[in-house]
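Please open the structure in your viewer and keep the selection tool at hand.

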Amino acid sequence: MPHPSPVPYDPSLEPGLAACRQLIEGIPLRSHTIHANRAHFATLVPPLETAIGASPVDFEHVTVAGPAGAPEVELTVLRPRGGVRGAPGIYAIHGGGMILGNRFFGAAGLVDDVVRYGAVVATVEYRLAPEHPAPAAAEDCYAGLVWFAEHARDLGVDPSRVLVGGASAGGGLSAAVALMARDRGGPALAGQLLDCPMLDDRNESVSSRQYDGIGIWDRHNNDTAWNAVLGADRGTDGVSPYAAPARAADLSGLPPAFVTVGAAEVFRDEAIEYATRVWATGGQAELHVWAGAYHGFTGFSPDAEVSRAAAAARASWMRRVLGAGRSR
C-alpha cells in the first residue's frame, strides 16, 4: 500500500523534533535492538533528586503487592513538602512502548504537577516486554493503582479526586487500567489523561502509514513494540483490551477522558477513534488534535506556541477534573 502524504510539521517544532530524534533514536528500534535501546534510554532519565531540584517536594519509594502470582510492584510517591490533606491524586504511568523506560521517565513533569496542583503523585514501575508480555504491564499498573486508592487517605489524598494518566504507552496503559477498574469494580477514577496514547496493536490507520519511517516513534517502532508485547497474538481476535484498549468492545461507564495528540504522528487516528467511541456511548471525552505536532512535542518543543496551547489545555482540564485549589 502506498504511503499517504504526511501532514507537514509546524516549522516551529522542527528543531525540537530533530533534537528528540538525535537524542532518543540513535539506534533504530527493532526486535534485536530493544535491549540496546533500553540501556541507552536509561542514560537519558535523570535521577529523581535532579528532577526535584529545589522544588518543595518530598518523595518515598514503596513496594506493594503485585498481581496474583506475580512479583511485587514498586512505586514512588511524591507529595508537597510538609504533607497535605484532601489533595488531588495523580497516578502516573510512564511511556516507552511498554519495552523501554522506568517510573522516573518524565519525573520533572510529575514534580510540576505536585507543585502546580498541590497533588500527591504516584509513579509505577511495571514489567516490560518482551521478557514480560501482555498483560503483565497493565496488571502491574492496576495493582499499583489499587494500592494507591486504598491508601489514599493515609497519603493525604481525597479518594474522589484520583486520576490516572500518562503519555504514549503510559496513555495506553492508563486507558487499560481505567477499563480494568470499571470491569473489576475497582477504584473510582475522576479522570483518565491519555496523552498521545498507544491504544491499537493493529497499526493500520492512515496516520500510522503517513509516519512510516518519518518522525519520532514511527510505524516501525510501533510494530517493534507491539510485536514484543503481544507476540503471535498480535492482530488476532485474542488480543485483550487490557493490552490494547482500542480492542475494547464497550467504552461506556469510563471516567472522563482527556485525549491529546499531534496531527503529525502515528497515534493521531487511533486517539481520535477512541474519543469518538467514548462519545458514542454517552461518555465524556475532551479531544485535542494539535496541528503539525509530532509525537511528544510538548516535551521537546515546550516554547513553541502550539506546545504552550497544548499545555494550557491540559492544565485547564486538570483544574476542572481535580478541582485543584479546593481546600479540605
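Predicted model: local features only at pLDDT ≥ 70, side-chain atom pairs only at ≥ 80, totals over all residues.

Begin by selecting the eight strands of the open sheet, whose order is E1-E2-E4-E3-E5-E6-E7-E8 and whose pairing is mixed. In general, the strands of a sheet pair through backbone hydrogen bonds, and the pairing is either parallel or antiparallel. Now select the two edges, strand E1 (57-64) and strand E8 (285-290): each has a single partner strand, so one side of each is left without a neighbour in the sheet. On average, neighbouring strands of this sheet are turned by 15 degrees against each other, direction ignored.

Next, select strand E3 (residues 87-93) and strand E5 (residues 157-167). These two strands run parallel and are joined by six bridges.

H5 lies across E1, strand E2 (73-80), E3, strand E4 (120-124) and E5, and runs at about 165 degrees to E3. Then move to helix H9 (residues 268-280), which lies across strand E6 (191-195), strand E7 (257-262) and E8. The angle of H9 to E8 is about 155 degrees.

**Two helices in contact**

Two packed helices are described by the angle between their axes and the distance between the axes. The crossing of H5 with H6 is right-handed. To see the contact, show the side chains of Ala137, Ala138, Glu139, Cys141, Tyr142 and Leu145 in H5, and of Leu173, Ala176, Val177, Met180 and Ala181 in H6. These contact residues comprise ten nonpolar, no polar and one charged.

**The cavity**

The structure holds one cavity of 30 Å³ or more. The largest cavity contains about 70 Å³ of space. Select Met98, Ala134, Ala137, Ala138 and Val229, which are the closest to its centre among the 15 lining residues. Which helix gives the most to this lining? H5 does, with three residues. By class, the lining has 13 nonpolar, one polar and one charged residues.

**A pocket**

Finally, select Arg38, Glu72, Glu125, Arg127 and Asp140, which are among the residues that line the second largest pocket. This pocket has a volume of about 170 Å³. Its lining divides into four nonpolar, one polar and six charged residues.

How values were computed: Residues numbered from 1 in each chain as written. Heavy atoms only, no water. Left-handed = near helix turned anticlockwise from the far one by under 90°. Helix = DSSP H or I, 4+ residues; strand = E, 2+ residues; numbered from the N terminus. Contact = heavy atoms within 4.5 Å. Nonpolar A, V, L, I, M, F, W, Y, C, P; charged D, E, K, R; others polar. 1 Å grid on protein atoms, 1.4 Å probe; cavity = no way out; pocket = protein on both sides within 12 Å on 5 of 7 lines; lining within 4 Å. Points joined across faces, edges and corners; volume = space filled by probe spheres on them. Pairing = 2+ DSSP bridges. Axes fitted to C-alpha atoms, helices over the stretch in contact; angles between N-to-C directions.
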